[in-house]
Amino acid sequence: MTDHELDFSGLITPDYDENFKAGFAALVGRPNVGKSTLTNALVGSKVAIMSDRPETTRHTIRGIVHREDGQIVLVDTPGYHRPRTLLGKRLNEMVRETLSEVDVVLFCLPSDQKVGPGDQFIANELKSTKTPIIAVATKADKVSPERLTQHLLDIDRLGNWAEIIPVSGLRGDRVEKLVELILNYLPSSPPLYPDGELTDEPEQVMIAELIREAALEGVREELPHSLAVQVEEIIERPPHNAAQKAGEEPTMVDIHVNLFVERDSQKGIIIGKNGVRLRQVGERARKQITALLGRRVYLDLHVRTAKDWQRDPKMLGRLGF
Ligand SMILES: Nc1nc2c(ncn2[C@@H]2O[C@H](COP(=O)(O)OP(=O)(O)OP(=O)(O)O)[C@@H](O)[C@H]2O)c(=O)[nH]1
């Protein structure tokens, strides 16, 4: 290829309107308050993994909201933890770091639950941040107008908020209004990401989240904290037919994955009798990963015991915490 043939178009920043706003917004809130659902409603596509079980959003999953007049890069934080273990401490540090770097924080408080000690804990943590905070009453569709009014009053008393807004991520109610509010707090800036990009989350993390979600389907509460998923390697198979050689058909990928649990008894839960459950987990995850990557996937799952991985700094490092 000569120099003339190189394509520099992606490097040239197009002229942009001075009124254009772009920046970062972080979602915080207790587990299960509807952060993932709200992220998806804002972005308009399934990017974060949703689940009925608390605390599945371990990693910072970003979604990008593209509008005529602005762009919001959403950072879905793992959520505060009462720091009982090293993992809990590290997660809290990650959250604090994230909050100081964003332009606005969205503090989610579910309307169907009274403001409680968990919310109080987060509200206290938020006092130290200079970033403006929008308090979001999530799941507003679940309650009566009277209860919603009471909830908004309770939120108001909880801290010093730049805005308070009720929304339903599930129905999309007032999600547009929230977008407008967020944009008010973003600086004038050209778009930070090219149009059409929904997330810059590395594929590996998305794949690990899909496997984690499949592995936790239907299991008891204690396991979520004890399970970590590590995508060890993703190997592209060489083309094996004419269509693949010509680049008309994608080649297959082999994905090798470790599922770490803390105790042998937990290993049994994941694997199931005669490995039946693990096969189901693999099958479910494989389908979703195939959809994510748009190509055929061979998934190789290994369940391993790593005693006290949550307390082991080396292990935490390996798992990306
Ligand atoms: N009715 C109703 N249910 C909602 C709404 N938003 C979320 N939910 C439900 O609440 C549960 C938790 O929602 P998520 O979006 O996974 O919550 P999260 O805060 O991301 O949870 P973690 O990431 O696990 O901490 C799911 O069962 C959702 O379907 C909403 O606006 N209305």
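**Figure 1. Buried residues of helix α6 in the predicted model.** The buried residues of α6 are M206, I207, A208, E209, L210, I211, R212, A214, A215 and L216. The model shown here and in the other views is predicted. With 10 of its 14 residues buried, α6 is largely enclosed by the rest of the structure. The helix covers residues 203-216 and reaches 20 Å from first to last C-alpha, close to the 20 Å expected at 1.5 Å a residue. After α6 comes G218, which has a positive phi near 75°.

**Figure 2. The open sheet β7-β8-β9.** Three strands make up this open sheet, in the order β7-β8-β9 and with mixed pairing. The edges are taken by β7 (228-236) and β9 (297-305), each of which has a single partner strand, so one side of each is left without a neighbour in the sheet. From one strand to the next the twist averages 20°. The pairing of β7 with strand β8 (residues 253-261) is antiparallel and runs over eight bridges. Among the bridged residues is E236, whose partner in β8 is V253.

**Figure 3. Helices α6 and α10 against the sheet.** Helix α6 lies across β7 and β8 and runs at about 130° to β7. Helix α10, made of residues 276-293, lies across β8 and β9. The angle between α10 and β9 is about 135°.

**Figure 4. Strands β1 and β4.** Strand β1 spans residues 21-28 and is mostly covered, with six of its eight residues buried. It pairs with strand β4 (residues 104-110) in the parallel sense, over four bridges. L27 has L106 as its bridge partner in β4.

**Figure 5. The two nonpolar cores.** The largest nonpolar core holds 40 residues, and V105, F107 and V136 are those with the most contacts inside it. Strand β4 gives the most to this core, namely six residues. Beyond its neighbours within four places in sequence, V105 is in contact with A26, V28, L99, L126, T129, T131 and I133.

**Figure 6. The buried side of helix α5.** In helix α5 (residues 175-184) the buried residues are L178, I182 and L183. They lie on the same side of α5, because the arc they cover around the axis is only 140°.

**Figure 7. D173 and its surroundings.** D173 sits in the loop between β6 (163-166) and α5. It counts as partly exposed, having 15 C-beta neighbours inside 10 Å. Apart from neighbours within four places in sequence, the contacts of D173 are A140, D141, V167 and S168. D173 and D141 are 32 residues apart in sequence, and their C-alpha atoms are 8.2 Å apart in space.

Figure 8. Most residues other than glycine have a negative phi. K139 has a positive phi near 55° and is a residue other than glycine. It is found in the loop between β5 (133-138) and α4 (145-158). K139 counts as buried because 24 C-beta neighbours lie inside 10 Å, the cut-off for a buried residue being 20 or more. N274 is not a glycine either, and its phi is positive at about 55°. N274 lies in the loop between α9 (264-271) and α10. With 8 other C-beta atoms within 10 Å, N274 is exposed.

**Figure 9. Overview of the protein.** The secondary structure comes to 11 helices and nine strands. Of the 321 residues in the protein, 33% are buried. Taking contacts between residues at least 6 apart in sequence, 70% join residues at least 24 apart.

Methods:
Residues numbered from 1 in each chain as written. Predicted model: local features only at pLDDT ≥ 70, side-chain atom pairs only at ≥ 80, totals over all residues. Pairing = 2+ DSSP bridges. Helix = DSSP H or I, 4+ residues; strand = E, 2+ residues; numbered from the N terminus. Axes fitted to C-alpha atoms, helices over the stretch in contact; angles between N-to-C directions. Contact = placed C-beta atoms within 7 Å. Buried ≥ 20, exposed ≤ 12 C-beta atoms within 10 Å, placed from the backbone. Expected span 1.5 Å × (residues − 1). Core = buried A, V, L, I, M, F, W, Y, C linked by C-beta atoms within 7 Å. Arc of directions from axis to C-beta.
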